Amino acid sequence: MTAIKETMMNLPVWIEWTAAALIVVAAFFLLVGAIGLVRLPDFYMRLHAPTKASTLGVGSVLLASMLLSSAQGRPGIAELLITLFVFVTAPVSANLMAQAALHLKVRSRAPLPPKVDPHQPQHVPPRQP
């Protein structure tokens with residue numbers, strides 16, 4: 001136990017600051033994901049915000065953990081495996097939930113784009129050479 005305390009006390013300052021910055025970045029992304037989950041009006045929008053933000057947040061925490069563990073002389077293999085697991089499973093689970101919602105015909109509250117009449121010519125800006 002004392003060897004761990006001695007190792008943690010003797011870390012270089014740049015490692016401590018980098019790990020602290022990664023934790024702050026992770027907290028920011030997790031906060032953005034939580035706000036998106038609460039504020040967005042639709043299931044599909046609510047699904048998008050936390051999955052993207054939490055993946056980046058958890059990834060930043062695991063990078064900080066890998067940095068600290070490698071500075072202490074321990075390879076961060078567990079953290080690397082957790083990172084790979086999160087980066088693979090988060091998009092897959094979000095896709096499966098979206099497909100289930102589409103199958104159950106969950107309606108989206110997103111505004112529809114304006115209808116375009118195919119017979120009426122549309123204004124296309126001229127190309128710049």
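The expected span of a helix is 1.5 Å times one less than its number of residues. Helices (H or I, at least four residues) are DSSP runs, numbered from the N terminus. This is a predicted model, in which local features need pLDDT of at least 70, side-chain atom pairs count only at pLDDT 80 or more, and totals for chains, interfaces and linings use all residues. Residues are numbered from 1 along each chain as its sequence is written, and side-chain values use heavy atoms, without hydrogens and water.

Helix α3 covers residues 43–71, which is 29 residues, and should therefore span 42 Å; the C-alpha atoms at its ends are 42 Å apart, in agreement. Just after α3, Gly-73 adopts a positive phi of about 90 degrees.

**The salt bridge**

A salt bridge (a side-chain nitrogen of Lys or Arg within 4 Å of a carboxyl oxygen of Asp or Glu) joins Arg-74 to Glu-79, with 3.2 Å between the closest N and O atoms. The count by this rule is 1 salt bridge.

Buried denotes under 20% relative accessible area, exposed over 50%, and partly exposed in between (1.4 Å probe, protein chains only). Arg-74 is partly exposed, at 43%, whereas Glu-79 is buried, at 8%.

**Helix α4**

Thr-83 belongs to helix α4 and is buried, with 13% relative accessibility. Its C-alpha atom is separated by 6.1 Å from that of Gly-59, 24 residues apart along the chain.

Met-97 is also located in helix α4 (residues 77–103). Met-97 is partly exposed, since its relative accessibility is 39%.

Technical notes: Helix = DSSP H or I, 4+ residues; strand = E, 2+ residues; numbered from the N terminus.
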